[in-house]
Amino acid sequence: MRRKTTIIAGVIAALAAGLFAVGMVRATDSAAKSGGPGPVVKIHRGEQCVEDTGYMRRNHMKVILHQRDKTMHQGIRTAKHSLKNCVDCHADPVTGSVLGQDGFCASCHEYASVKIDCFSCHTDKADKAALATLPPPKPATGVKP
């Protein structure tokens with residue numbers, strides 16, 4: 001009787017280990033297909049940014065700094081790469097901000113442990129007048145950068 005119980009326990013343990021292994025493989029495969037682990041960025045507005053998404057993910061700080069230099073040193077102020085327009089488009093419609101939990105900027109910067117210093121001088125809140133001119137926000141879609 002004791003031998004039969006031991007065999008049954010061994011079979012159950014082997015099945016549990018097999019199911020665990022299959023689950024781990026599927027979870028790893030799913031993470032790899034989705035671009036791996038990373039932050040989920042909620043997109044509330046627009047179908048496309050002012051530049052290609054991949055370009056903006058890699059170069060947004062260069063673009064913002066270039067815009068700052070053009071504005072501050074040459075007096076050239078355009079709307080295409082302005083931080084204000086980024087905030088107006090990417091702010092959460094509920095909070096009106098790109099910061100906070102699940103905020104557009106905060107989600108990536110917190111994941112990467114990179115401090116955001118833009119908002120020590122600039123506002124993280126969207127301009128309500130500008131928001132009124134944009135198409136209504138769509139339900140947020142979570143994307144991995």
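Student: Which helix gives the most to the lining of the second largest pocket?

Tutor: Keeping in mind that this is a predicted model, helix 2 gives the most to that lining, with seven residues.

Student: And how much space lies in the second largest pocket?

Tutor: About 570 Å³ of space lies in the second largest pocket. Its lining is made up of 24 residues, and those closest to the centre of the pocket are Arg-68, Ser-82, Leu-83, Lys-84 and His-122. The elements that give two or more residues to this lining are helix 2, which covers 53-74, and helix 3, which covers 83-90.

Student: How many of the lining residues are nonpolar, polar and charged?

Tutor: By class, the lining of the second largest pocket holds nine nonpolar residues, eight polar residues and seven charged residues.

Student: You mentioned Arg-68. Which side chain does Arg-68 meet in a salt bridge?

Tutor: The side chain of Arg-68 meets that of Asp-69 in a salt bridge, with a distance of 3.0 Å from N to O. Arg-68 has 46% relative accessibility and so counts as partly exposed, and Asp-69, at 30% relative accessibility, counts as partly exposed as well.

Student: OK, so what does the count of salt bridges come to?

Tutor: The count comes to five salt bridges. One of them is formed by Lys-42 with Asp-102, where the closest N and O atoms are 3.5 Å apart. This pair links distant parts of the chain, since Lys-42 lies in strand 1 (residues 41-43) and Asp-102 lies in the loop between helix 3 and helix 4 (104-112), 60 residues apart.

Student: Why does Asp-102 count as partly exposed?

Tutor: Asp-102 counts as partly exposed because its relative accessibility is 35%, and that value falls between the 20% limit for buried and the 50% limit for exposed.

Student: Switching to the backbone, what is the phi of Asp-102 near?

Tutor: Phi of Asp-102 is near 65°, which is a positive value in a residue other than glycine. As background, most residues other than glycine have a negative phi. Ser-113 also has a positive phi, of about 55°, although it is not a glycine.

Student: Where is Ser-113 found, and is Ser-113 buried or exposed?

Tutor: Ser-113 is found in the loop between helix 4 and helix 5 (128-133), and Ser-113 is exposed, with a relative accessible area of 68%.

Student: Last topic: which residues form a nonpolar patch on the surface?

Tutor: Ile-7, Val-11 and Leu-15 form that patch, and together they have about 290 Å² of accessible area. Val-11 has its place in helix 1, which covers residues 2-33, and Val-11 counts as partly exposed because its relative accessibility is 46%.

Note on methods. Residues numbered from 1 in each chain as written. Predicted model: local features only at pLDDT ≥ 70, side-chain atom pairs only at ≥ 80, totals over all residues. Heavy atoms only, no water. Patch = residues over 30% accessible without salt bridge, like charges linked within 9 Å, V, L, I, M, F, W, Y side chains within 5 Å. Areas by Shrake-Rupley, 256 points an atom, 1.4 Å probe, with all protein chains shown as cover. Salt bridge = Lys/Arg side-chain N within 4 Å of Asp/Glu carboxyl O. Helix = DSSP H or I, 4+ residues; strand = E, 2+ residues; numbered from the N terminus. Buried < 20%, exposed > 50% of the residue type's maximum accessible area, 1.4 Å probe, protein only. 1 Å grid on protein atoms, 1.4 Å probe; cavity = no way out; pocket = protein on both sides within 12 Å on 5 of 7 lines; lining within 4 Å. Points joined across faces, edges and corners; volume = space filled by probe spheres on them. Nonpolar A, V, L, I, M, F, W, Y, C, P; charged D, E, K, R; others polar.
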